[in-house]
Amino acid sequence: MTIRLFDTTLRDGTQREGVTLTTEDKIRIARELDALGLHYVEAGFPASNPKDLEFFENFDAAELDNARLVAFTRARRPGGRAEDDPAVTLLPRLSAPGACIVAKTWKLHVEKVLNTTPEENLQSVRDTVAYLVAASKEVIFDAEHYFDGFRNDPEHALEVLRSAAEAGATTLVLCDTNGGTLPTELKAVVGRTVREFPDVEIGIHTHNDSGCGVANALAAVEAGATHVQGTINGIGERCGNCDLVTTIANLQLKMGLKVLDDERLQRLTETSNYVSELMNLTPDSHRPYVGHSAFAHKGGLHMDGIARDPATYEHVAPERVGNVRRTPVGELSGKNSIRAKAEELGLEAGDIAAVLSAIKQREYEGYHYEAADASLALLIGRTTGEAQPLFELETLRIISEKRADGQTNTEATIKLFVKGQRVISTAEGNGPVNALDRALRQAIGPHYPELKEIHLSNYKVRILDEHRATAATTRVLIDSTDGKRVWGAVGVGENIIEASWEALVDGLEYGVNSTEKG
Ligand SMILES: [Zn+2]
């Protein structure tokens, strides 16, 4: 059985609150999805907004090696004609070979939202599908609210599908638009529908409002669906869409359905991070399969088991999805975990006892290395002399000025030595960390071109008071990324600037050094 993967990150996914993508971002994501080996990339609803139209007008579908580019639209308006409806006639002008047409299957919507009759709704489906098939498009039909419609009036819901199939749609996609259906019911409805349409491909499009987005997609496949729609990381409106990343891994590694080549499956982690990055969303470290913590083993007992045989505490091997096994170092760690950590980071462990006592001392001071791999690698590297600082600081100074008109200006000045040269650099920023980051990059950037690819992706501050009664200690965690990997660095100080500076420098130093190593 062949399963076709249909990605709608660039259409349904962009409905998520707070997400905006430029045309350039969309092109980069489309290329990434193509490289992952997905079969269809739905890139927008060009009739609904000028930005999506700009994408389709500027991007030639032939640039994708594997995926078919799909443009989305709705069925023609009730009472009109497909050839007079601009939302429909736009599609033949575009290079995208696929057209995804959405129409209503739930009578409640037909009558209350479209204000039309079920018969006119069927006619609109027939006209629109036939028009686009005649224009040589591959028509994928999205049956909106299919499960609610089926519950309410199965005959009408099936009739809508039949109209689309008879007019030439190649795939009938059953949509759980409100995301409220549970797997048992969904599976039964999909099974019944598959039996009604033995010659047409049946697809599934689920939302996660009941927390069953992925489970429902898998249940649909078990019931005979062969086309699966979803978004990378489950990004979408409200609670999101079916997460295609988890779905792909489950289909291939658990259900034995070959959906991607093995080498492509190994790109899954990178694709997931890349899309989060371009959407300016902090990647959730606990995502199934691809999260930074998905294969992190903390407890001593677990680590012991993993050392004997990874299958003892891992459901699949992390490499298969391009992730890595991690052994976070915490207060409970012993020498073995330091050795394992050094190996994982590609370092000589050197004097393990010295490293361990340095970690314990720093943890007492308030450092925390579980989310700060970069600082830990540097700590190990510094005890062995392997880590070389990028520069030597002379002084740094920050001026923050709040003006009567409400504006705040922050300026940082750094004096340092880099590769034997003394540099003085001043930069403005929207806050002290931003100003420091800019001034530092300005000073050392010419010596380290890799820095251009590295930027800060997350900044977290925690006030710790368990150590001292009077002066509180501040711990700062900074995540940095080069768009493919994410690493964390930690800084601690009585002063937030000092703590931020330490984490900032560690993040950049680790980024530069690990890029050099390749
Ligand atoms: Zn949807």
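Asp52 counts as buried, at 8% relative accessibility (buried means under 20% relative accessible area, exposed over 50%, partly exposed in between, with a 1.4 Å probe and protein chains only). Lys26 also counts as buried, at 4%. The model is predicted: local features need pLDDT of at least 70, side-chain atom pairs count only at pLDDT 80 or more, and totals for chains, interfaces and linings use all residues. Residues are numbered from 1 along each chain as its sequence is written, and side-chain values use heavy atoms, with hydrogens and water left out.

The side chains of Asp52 and Lys26 form a salt bridge, 2.7 Å from N to O (a side-chain nitrogen of Lys or Arg within 4 Å of a carboxyl oxygen of Asp or Glu). This pair links distant parts of the chain, 26 residues apart. Asp52 lies in helix 2 (residues 50–58) and Lys26 in helix 1 (residues 23–36). Helices (H or I, at least four residues) and strands (E, at least two) are DSSP runs, numbered from the N terminus. The count comes to 37 salt bridges. One of them joins Glu144 to Lys104, with the closest N and O atoms 2.9 Å apart. Glu144 belongs to strand 5 (residues 138–144), Lys104 to strand 4 (residues 98–104). Lys104 is buried at 14% relative accessibility.

The zinc ion is coordinated by Asp12 (OD), His205 (NE2) and His207 (NE2), at 2.0 to 2.2 Å. Donors are N, O and S atoms within 2.8 Å of the metal (3.2 Å for Na, K and Ca); water is not among the atoms, so sites may look incomplete. The donor residues follow the spacing D-x192-H-x1-H. His205 and His207 are buried.

The largest nonpolar core has 90 residues (buried Ala, Val, Leu, Ile, Met, Phe, Trp, Tyr and Cys residues joined through side-chain atoms within 4.5 Å). Among those with the most contacts inside this core are Phe141, Ile248 and Leu268. Another core lies apart from it and has 51 residues, including Ile352 and Val476.

An open sheet of three strands has the order 9-10-11, with antiparallel pairing (two strands pair if DSSP finds at least two bridges between them). Strand 9 (392–402) and strand 11 (421–429) stand at the edges, each with a single partner strand, so one side of each is left without a neighbour in the sheet. Nine bridges join strand 10 (residues 408–418) to strand 11. Lys415 has Ile424 of strand 11 as its bridge partner.
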